[in-house]
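The stops below go from one selection to the next.

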Amino acid sequence: MSELEPLIETFDAAAGYLDWAAFGPLSPAVRAEMNADAALLGTGRRAGIDLVASRVDEARDLVATVLGCAVDEVVLQPSTTHGLTHTMQGLTGDVLVSAQEFPALRVTARRAQDARGLLTVREIDPPDGIVTVDAVAEALTDDVTAVAVSLVDFRTGALADLPGLRELIGDRLLIVDAVQAFGVVDVDWAAADVVCGNGYKWLRAGRGTGFARFSDRARERIEPVLSGISGMQGDAATTGFPPPLPTAGAYSIAPSDPLAASRLAVAVRDVVDAGIPAVAAELRARAQDVMNLADRYGVPVLTPRDRHAGIVTLLPDPQDAAPLAAALANHGVTVTARGATIRVSPHIGTGADSLQLLGDALAQVATTRVVVIDAPTGELDLGALES
């Protein structure tokens, strides 16, 4: 039995579920811990309440372990977007962000620009929306104080070159949305100054399990504008206007939900115990299985084959898009269809049964593919006849 096998065996989602980049069905361990801690909170006993409250520090410690940072650099958040909002509201100068980035990055940056007038958003629009070192280099100026990027692009699954970006931008802040990567991508997180993520996708921890890491340099340059009662020095009895905490805790508004922290702790511990490098390698292998099926049945793949994690985005020919989406639904395959693309996201526990359903749907479309006629010449596109 491989070291990953115990973790793989915990995957009990229905066959055909290939949408982990959208939502990760809760793991058995998470469900069990959540029920146990909920029962403790229902007793009304101080010991039980305090035990569940301790999950907050436990979760922060485990996140810090993965990120390779001090625990006082980590603060729990209700979501990735909460962490990014704290970041953008406290920034000054110019921030580079892709025009095709997920709204958690580009919208929070624009909101901060409009609200305080101290931040200027500079959008870049690289080919296919994939942020590369070269694309950032072309837009980099002395006014740029920060670069914000998703480590794994939500549309294409492209994996950003974090070390390359770090080397390029020098002393500027590197802000990373890690929601599609944390726990399933093997990377040196020390390259980033701010890392924001959530456990409700690949970690299978459910919503509310967000977190953020603010390095020493980030805390020096990002004002804790939205700091609340949990982000101040002192306690509820402290009078006046206490200063913010000197730690990442300054970027919080109210105390963390201990039940969410419990779910996050269990989920992170599972991948740490299994070994994140092994998890990352297995996930890439499952993504390759999807790519192989797409190649077999003639469906173009948008995802970069040399730099990806678990997301595989298909870009079917326009005449195949609707039939493919219908075939996937009819075969019980759950994916995300968005515009002209179909995003398929397996996990390490995706079994042969799910891949078989995906292959059956792709085969159905391939065998009924419409023959394309070149209108000006009247010639058949023989490539459209291949299956």
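Which side chains meet in a salt bridge with an N to O distance of 2.9 Å? Select D289 and R286: their side chains form that bridge in this predicted model. Both residues lie in helix α11, 3 residues apart, which is about one turn of the helix. D289 is partly exposed, because its relative accessibility is 23%. R286 counts as buried, because its relative accessibility is 15%, and the cut-off for buried is under 20%.

Now select D295 and R305. Their closest N and O atoms are 2.8 Å apart, in a salt bridge. This pair links distant parts of the chain: D295 is in helix α11, while R305 is in the loop between α11 and β8, 10 residues apart. Both ends are partly exposed, D295 with a relative accessible area of 41% and R305 with 39%.

Select E33, D37, R55, E58 and R269 together. Salt bridges with shared partners join these residues into one network. The structure holds 19 salt bridges.

Go to D12 and R31, whose side chains meet in a salt bridge of 2.8 Å, N to O. D12 sits in the loop between α1 (5–8) and α2 (28–41), and R31 is in helix α2, 19 residues apart. D12 has a relative accessible area of 46%, so it is partly exposed. R31, at 32%, is partly exposed too.

In soluble globular proteins, nonpolar side chains tend to be buried together. Here, the largest nonpolar core has 63 residues, and L151, V176, F182 and W189 touch the most other members. Helix α10 gives the largest share of this core, 8 residues. Select L151 and show what surrounds it. Leaving aside neighbours within four places in sequence, its contacts include A158, L162, V176, V185 and W189.

**Helix α13**

Select residues 352–367, which make up helix α13. This helix of 16 residues reaches 22 Å from its first C-alpha to its last, close to the 22 Å expected. Among its buried residues are L355, L358, L362 and V365. What covers the buried residues includes α11 (276–296), β8 (312–314), α12 (318–330) and β10 (341–344).

**A patch on the surface**

Last, select V225, L226 and I253. They form a nonpolar patch on the surface, with about 210 Å² of accessible area together. L226 is found in the loop between α9 (216–221) and α10 (258–274). L226 is partly exposed, because its relative accessibility is 32%.

Notes: Residues are numbered from 1 along each chain as its sequence is written. This is a predicted model: local features need pLDDT of at least 70, side-chain atom pairs count only at pLDDT 80 or more; totals for chains, interfaces and linings use all residues. Side-chain values use heavy atoms; hydrogens and water are left out. Patches are made of residues with over 30% relative accessible area and no salt bridge: like charges are joined within 9 Å, nonpolar side chains (Val, Leu, Ile, Met, Phe, Trp, Tyr) within 5 Å. Accessible areas come from the Shrake-Rupley method with a 1.4 Å probe; for residues, only the protein chains shown count as cover. A salt bridge is a side-chain nitrogen of Lys or Arg within 4 Å of a carboxyl oxygen of Asp or Glu. Helices (H or I, at least four residues) and strands (E, at least two) are DSSP runs, numbered from the N terminus. Buried means under 20% relative accessible area, exposed over 50%, partly exposed in between (1.4 Å probe, protein chains only). A nonpolar core is a set of buried Ala, Val, Leu, Ile, Met, Phe, Trp, Tyr and Cys residues joined through side-chain atoms within 4.5 Å. Contact means heavy atoms within 4.5 Å. The expected span of a helix is 1.5 Å times one less than its number of residues.
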